[in-house]
Amino acid sequence: MDPPRSAAMFNQAKSLRLHAGNLVSRSRLKKKCPSSPTEELQDCIQATLSDWVSLQRQPTEEVPDTLDCSIPETTDVITPEEREELKVSACQTLRVSQIDSVIISPPGPPEGDSQTLAHLQPAWEELQALVQNQKIAAIGTSDLDKDLLEQLYDWAQVKPSSNQVNLASCCVMPPDLTAFAKERDIQLLTHNDPKELMSAATFQEAVKNGTGGQSSADWRLEWVLRYSIIVKSRGIIKAKGYLLGARRASL
């Protein structure tokens with residue numbers, strides 16, 4: 001991409017949507033094994049932006065407010081014949097009508113405050129609507145203790161089907177959480193993601209490196225979605241990837 005035009009597109013855009021494609025098949029991301037989910041996401045952002053920039057060769061008169069940074073050839077679309085054998089956690093990008101499960105990890109409360117039901121309700125209401133419209137089959141939570149999980153369960157119209165527990169916070173599942181989950185038929189899962197998947201500084205560094213040195217100081221990561229496609233009968237990961245949204249704080 002011509003550097004001045006690349007800079008104009010990036011500097012005038014107000015938001016960014018990025019799809020990293022299938023990490024299982026992306027050769028550029030298979031050269032090394034990331035040491036953490038944060039490093040994996042950082043590699044994805046840099047590689048995807050770099051590939052996207054290299055493809056923008058045709059002049060354009062109008063700069064879009066939102067840059068859609070995706071690499072079509074890295075996105076594996078699921079055929080109807082394959083669908084019954086797969087467990088999917090992404091939808092529109094893979095052209096399927098329903099996601100099997102979605103687990104949310106909403107932003108934490110302001111420093112010094114505790115997580116409350118009020119922090120969870122806006123996101124949960126959106127997910128409930130998607131379940132009711134048959135876009136999602138099941139929805140779950142991440143890192144809720146017994147009291148907060150019980151509050152959510154009692155309030156929600158669509159009950160949580162699972163709750164992930166961070167292995168870094170406990171080696172053994174809390175007995176009260178285990179008892180409540182068993183009583184309400186909630187599946188307890190584990191994960192090892194850090195509390196903050198990516199800091200603002202790390203995201204800005206990834207954007208700067210991926211765009212060939214463009215200024216990224218005013219860009220802020222808004223949300224990250226990690227998806228996977230698993231062959232049900234064999235537990236084989238057919239595909240996995242990230243989608244994310246970011247916005248320029250100054251605009």
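User: Which residue stands opposite His19 in strand 9?

Analyst: Strands (E, at least two residues) and helices (H or I, at least four) are DSSP runs, numbered from the N terminus. Strand 1 (residues 15–19) pairs with strand 9 (residues 236–248) in the antiparallel sense, over 5 bridges; two strands pair if DSSP finds at least two bridges between them. Across strand 9, the residue opposite His19 is Leu243.

User: Which pLDDT is required of side-chain atom pairs?

Analyst: Residues are numbered from 1 along each chain as its sequence is written, and side-chain values use heavy atoms, leaving out hydrogens and water. This is a predicted model in which totals for chains, interfaces and linings use all residues, local features need pLDDT of at least 70, and side-chain atom pairs count only at pLDDT 80 or more.

User: How many bridges join strand 8 to strand 9?

Analyst: Strand 8 (residues 219–231) and strand 9 run antiparallel. Within strand 9, Ala239 is the residue opposite Ile229. The number of bridges joining these two strands is 12.

User: What is the average twist from one strand to the next in the open sheet of 4 strands?

Analyst: This sheet has the order 4-5-6-7, with parallel pairing. Strand 4 (99–104) and strand 7 (187–191) each have a single partner strand, so one side of each lacks a neighbour in the sheet. From one strand to the next, the twist averages 30 degrees.

User: Which residue of strand 5 is the bridge partner of Val102?

Analyst: Strand 4 and strand 5 (residues 136–142) run parallel and are joined by 5 bridges. The bridge partner of Val102 in strand 5 is Ile139.

User: Are helix 5 and helix 6 roughly parallel or roughly antiparallel to each other?

Analyst: Helix 5 (residues 146–155) packs against helix 6 (residues 175–184) at an angle of about 25 degrees, with their axes 9 Å apart. Axes are lines fitted to C-alpha atoms, for helices over the stretch in contact, and angles run from 0 to 180 degrees between N-to-C directions. Angles under 35 degrees count as roughly parallel, over 145 as roughly antiparallel, 65 to 115 as roughly perpendicular and the rest as oblique. The two helices are therefore roughly parallel.

User: How many charged residues does the contact of helix 5 with helix 6 have?

Analyst: Contact, meaning heavy atoms within 4.5 Å, is made by Lys146, Leu149, Glu150 and Tyr153 of helix 5 and by Asp176, Leu177, Phe180 and Arg184 of helix 6. Ala, Val, Leu, Ile, Met, Phe, Trp, Tyr, Cys and Pro count as nonpolar, Asp, Glu, Lys and Arg as charged, and the others, Gly among them, as polar. By class, the contact has 4 nonpolar residues, no polar ones, and a charged count of 4.

User: What is the relative accessible area of Ala217?

Analyst: Ala217 lies in the loop between helix 7 (200–210) and strand 8. Buried means under 20% relative accessible area, exposed over 50%, and partly exposed in between (1.4 Å probe, protein chains only). Ala217 is exposed, because its relative accessible area is 52%.
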